[in-house]
Amino acid sequence: MEWRLACGVDDLEPGTSMTWKGAGEEPIAIYRTEDGEFYATHDVCTHDRWSLGEDSDLEGAEIVCPLHMARFDIRTGAALCLPATIGLKTYEVQVEDGKIYVQC
Amino acid sequence: MSAMGILIVGASIAGVRTAQSLRKSGFADPVTIVGAEPYLPYDKPPVSKDMILPETDGAPVPLLGAEELDALGVDLRVGVRAVALDPVARVVVTDTGEELGYDILVIATGVSPRTLPGAEGLIGVHTMRTVEDALAVRAALPAARHVVAIGAGFIGAEFASAARSHGADVTVVEAQPVPLAHLLGARVGALLGGLHEANGVTLLTGTQVERFEGTGRVTGVTLADGRTLPADLVVVGVGATPATGWLATSGLPVDDGVVCDERLRVRGFDGVYAAGDVARWPHPMYGVEMRIEHWTNANEHAEIVAAAVTGAPAPRVRPPYVWSDQYGHRIQIVGRPGLGRAVRVRTAADDHQAAAVYADEDGTVVAAVVVDDPRLLMRLRRAVIARTPLDALDAPF
């Protein structure tokens, strides 16, 4: 595991997310909450393989998958409602000089 | 609680998810699930989608992995049909005459597809609800030449789409002048109905079915206007009715579904709950009683029941949501289109598919229909939840 540069702070509007594919085989979803906090999780919904970074809706610190409305806590990765029963892997995030680094 | 624990009738999405949700909430008493079909719990949406497509192996999609099912610690009895309930004695009677006691009962028997007179016993005429239906239709599709879908709702449309991908000549027959008009209005219904013709399927609307032709095996479908469509495979997709026949002598309130309160407790019967397609309840977002046959609704109901049983607060309210996969497109609907009308409509163009926003008389966003644009769907879902005024809606059309 190492710190890798994922994107710039300004690449993400508050309350949005994106998918970052720069870390090898595993795509990572990066989130910027309305409060300005950054988080990162595995990009794929544990219920039915859909990108969470691309199309999902960020509500506070919760991400909602657009396919079947599974919900996860982006801070802990916890699955918050059915149909998801398995949590998301989370990654450490650091912000430095306007850039987002993810430990992966 | 005594040792009998919870009995869940229906190894359905709602039934199995209720068991999962109970265990997740720490419920440690015995859980028994009985399911009428002789299969391990499987997911329903693929029955009319993946299970009948040529590129798949047609196997049922398990609702839980073997390990998950094991870890759930439930007494799962499949191939066992509940035939009667005595809520005073707290006993469910099965088709083998067994009497199953319970402390808490969850009714999750779902719905049964409607069919048409003359369909029974006629080879080649099917409904689409179960694994058996999917297997039978899948076996018939490769050799089918003339396929008819009766009903242009989601089941009829998904079946027509699958039949088309098998190379069959497909006709969809719809009684309404415009498909889905009763749910989505004529304008949006026409946009979605247009997918049939765009994919080489004939759509006949405003047309009733008079009878099936053929002895022993279907050979055609005769319409009210006298035309006969040749047919060697027919799927009837004209809606479904709650599977409440087994409750007829129970005294439970049944009125197009089992009548429940907002936490899905069957009204007047302590310790009895209903969940999923079979439950009629006042949706907390709307306050009026409704019955919703959506996959997500079954998941949500499971959590509502588990919270009520374990004394936890009711889970967050979510708007109704449903999707359909047709001709390679995904249609997503959120909210209740029937509460308003389609006030903003986007037709398909080179760079996007159709979408619509529904608002009520006060100009509040109440629903959205979106094709192939999940990001937009999620934005509009947020507006539905927030009851956003149409004027304040940030949408790209």
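Read along the sequence, chain A of this predicted model follows the pattern β-β-β-β-α-β-β-β-β-β-β-β. That amounts to one helix and 11 strands. Chain B meets chain A through 16 of its residues, which contact 11 residues of chain A. Within chain B, helices H1(B) and H7(B) both contribute to that side and also cross each other.

**Chain A: dimensions and packing**
- The C-alpha trace of chain A spans about 40 × 30 × 20 Å along its principal axes.
- A compact globule of 104 residues would have a radius of gyration near 13 Å, so the 12 Å of chain A agrees with that expectation.
- Of the 104 residues in chain A, 42% count as buried.
- Among the contacts in chain A between residues at least 6 apart in sequence, 40% join residues at least 24 apart.

**The side of chain B that touches chain A**
- Two or more residues each come from helix H1 (13-24), helix H7 (295-310) and helix H8 (374-386) of chain B.
- H8(B) gives the most, with six residues.
- By class, this side of chain B has six nonpolar, four polar and six charged residues.

**The H1(B)–H7(B) pair**
- The axes of H1(B) and H7(B) come within 8 Å and cross at roughly 40°; the two helices are therefore oblique to each other.
- H1(B) passes H7(B) in a right-handed crossing.
- Residues of H1(B) in this contact include B:Ile13, B:Arg17 and B:Leu22, while those of H7(B) include B:Trp295, B:Glu303 and B:Val309.
- The contact of H1(B) with H7(B) has nine nonpolar, six polar and two charged residues.

Conventions: Residues numbered from 1 in each chain as written. Chains lettered and ligands numbered in written order. Predicted model: local features only at pLDDT ≥ 70, side-chain atom pairs only at ≥ 80, totals over all residues. Contact = placed C-beta atoms within 7 Å. Helix = DSSP H or I, 4+ residues; strand = E, 2+ residues; numbered from the N terminus. Nonpolar A, V, L, I, M, F, W, Y, C, P; charged D, E, K, R; others polar. Axes fitted to C-alpha atoms, helices over the stretch in contact; angles between N-to-C directions. Parallel < 35°, antiparallel > 145°, perpendicular 65-115°, else oblique. Left-handed = near helix turned anticlockwise from the far one by under 90°. Rg over C-alpha atoms; globule rule 2.2 N^0.38 Å. Buried ≥ 20, exposed ≤ 12 C-beta atoms within 10 Å, placed from the backbone.
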